[in-house]
Structure formats: C-alpha cells, structure tokens
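Good morning, and thank you for coming.

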Amino acid sequence: MIAADSLLPSSRLDGRLLSSHKYRQIRESILEIGLIEPLAVSAADRKTGQHLVLDGHLRLNVMKELGLTEVPCLVATDDESFTYNNRVSRLSTIQEHLMIRRAIDRGIPAGKLAKSLCIDVSLLQKKSSLLDGICAEVVEILKDRNFSTELSPVLRRMKPTRQVECAELMVAANSVTTNYAKALLAATPQEMLVAGKKPLGRASLSQEQVARMENEMSNLLSQYKLAEQSQGEEMLNLMLARGYIIKLMDNPRVMRYLHTHYAEVLEEFAKIVELTSIDA
C-alpha cells in the first residue's frame, strides 16, 4: 500500500479519457467492488521517495477522485524497458461472457454486476446468454474476436453446420459484424435454418436473387477452403523464390543483362526483394 501523494504519473491524461465510457466503467467498478488490479509502479526514488506510475493512470485518478489516500501497487524491482500498457491483453467478447457467467453462478446479483461494469441490466443479460444456441466449433473460431451481442441471435437461426461456415467466412473476410452475418443468413438455404426460425431480410428478395446469393456464398466458402489448405505451401514457395531472386540480383552480370533486355522484369524483382514480411 503506497500513499497516493507519493505516486508520480509518467504521462499526462487526455481530458477526453475522463469523460469516456471506459473511465466510467473503472470508476463504477472501484465504487462497487474495490480495486481489482493493483497499479504497476517503479521503485521509490532515493531523493524524493516518490514512485513513478508505469501502468494504471486512470485507476489512480479515480481513486484520488474518491478520496482514497492509499493505493495497492505492484513495485517493479528491475529497471527495464518493459512497456506495461503494450502488453495488456484485452478481453474478447467470449472471454467477457465467461467472466460474467462465472460471476452470476457465484451468486453476484445481476444489478450489482451491471452497475460495476457500467452497463444496463438488459445488456448484461444479452452478454450472459451470448453463447446459448451457438455450437462449440463457432465458439472456438470466435474466441479471440470482439463482436456485438446482436451477432448471436442471427447465428442461432442457423443449424450448427451453417453457423461454422458463416463464422469461417466472417473471420476470413475480417468482418465479424452483425450486418455481414445477416447477409449470410439471407443467403442461407431453407434446409440449413433452424426449424421455426424465419430468415431475415428475404421479403424484398426474389427467389432468383436468393438462389444466386446462396450459390455465390457456397462458391466463396469453397474458394476459402482451398486457399486455406494451400496457404502454407504458397508462402514457403514465395519465400524460396524471394531468396533466389536476391541471389540473382547480387550477380552484377545478371543485373546488367536484366537492365538491358528486361527492365520491367527487373523492376518487379526489386519490389519482391524489398518485401520485409509476408503481410507486405
């Protein structure tokens, strides 16, 4: 426990952060259940006796607002270049759901939990029932993703096989959104829907349009599967080819020949050599 007056911030807080939802969440959480994660601070300065705050500026500001004079801290004993904020793993949507479910199962009232998270009870209920009707394969695919709670009701209208297909397509397109899921639902064949669940947005589509969408989605999934299977081999071939081109361009005679007869090829070779990563 360190006196709040002995903690020296290492950066200035942006005024906009103090009115953000995240700040309100931290404040309500500390008010309801106290500080969960201690601040990370440096060892005390020999001259001033103050500790430099490495991580937890928002928490410190909230605790000062609330009039708390002592703050729980973890003191770093080594002077290293570790940047605490850059190593924070944010909760994914599914991890948040599991945390809420565990808290409810342990008897924490929904109202208190919603207040500590600074959300409505109705939203808390959606988060707690997020995975109801969602198959285990989809949970595994989306476990590290952040998405809206409105995505789950769309997926629940589909049978497990179709849920997996849609989850894979959304991840492949890097678009895990409710609107994309609704588009996939509209293109889902009737036999792939859960009995009694009506598809969304088909009222304005003709049978021909729906059939075309279903066919295009099926082709897209097939192409994605093929690309997924061959990606590793293609990346290996690309890196081998890049290594070979680098050796060619280290040869002055080859460079002179390419420059004289195949300038356009040499330009493309140069672009390949400049690649520093697969993403580039």
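This is a predicted model: local features need pLDDT of at least 70, side-chain atom pairs count only at pLDDT 80 or more; totals for chains, interfaces and linings use all residues.

The structure holds one aromatic pair. Its members are Tyr-257 and Tyr-262, which are tilted, with 6.1 Å from centre to centre and 50° between the planes. For the term, rings of Phe, Tyr and Trp (its six-membered ring) pair if their centres lie within 6.5 Å; planes under 30 degrees apart count as stacked, over 60 as edge-to-face and the rest as tilted.

Residues are numbered from 1 along each chain as its sequence is written, and side-chain values use heavy atoms, with hydrogens and water left out.

Let me turn to the whole protein. The protein has 12 helices and six strands; helices (H or I, at least four residues) and strands (E, at least two) are DSSP runs, numbered from the N terminus. Of its 280 residues, 29% count as buried. Contact means heavy atoms within 4.5 Å. Among contacts between residues at least 6 apart in sequence, 68% join residues at least 24 apart.

Next come the cores. A nonpolar core is a set of buried Ala, Val, Leu, Ile, Met, Phe, Trp, Tyr and Cys residues joined through side-chain atoms within 4.5 Å. The largest one has 24 residues, and those touching the most other members are Ile-94, Val-138, Leu-142, Phe-147, Leu-151, Leu-155 and Met-170. At least two residues of this core come from each of helices H6 (136–142), H7 (151–156), H8 (160–172) and H9 (178–186). Helix H8 gives the largest share, five residues. Ile-94 touches Leu-130, Leu-131, Val-139, Leu-142, Lys-143 and Phe-147, leaving out residues up to four places away in sequence.

A second, separate core of 15 residues includes Tyr-23, Val-53, Leu-60 and Val-71. Val-71 lies in strand S5 (residues 70–71) and is buried, with a relative accessible area of 0%. Which residues does Val-71 touch, not counting those up to four places away in sequence? They are Met-1, Ile-2, Ala-4, Leu-7, Leu-39, Leu-60 and Met-63. Val-71 and Leu-7 are 64 residues apart in sequence, with 9.0 Å between their C-alpha atoms.

Now consider helix H5 (residues 121–128), where Leu-124, Lys-127 and Ser-128 are buried. Seen down the axis of H5, these buried residues fall within an arc of 95°, so they line one face of the helix. The arc is that of the directions from the helix axis to the C-beta atoms. An α-helix has 3.6 residues a turn, so residues three or four places apart point the same way. The cover over the buried residues of H5 includes helix H3 (93–105) and helix H4 (110–117).

Finally, the cysteines. Cys-135 counts as buried because its relative accessibility is 12%, and Cys-166 is buried at 1%. A disulfide is a pair of cysteine sulfur atoms within 2.5 Å, and a search of the whole structure finds zero. Thank you for your attention.

How values were computed
Buried means under 20% relative accessible area, exposed over 50%, partly exposed in between (1.4 Å probe, protein chains only).
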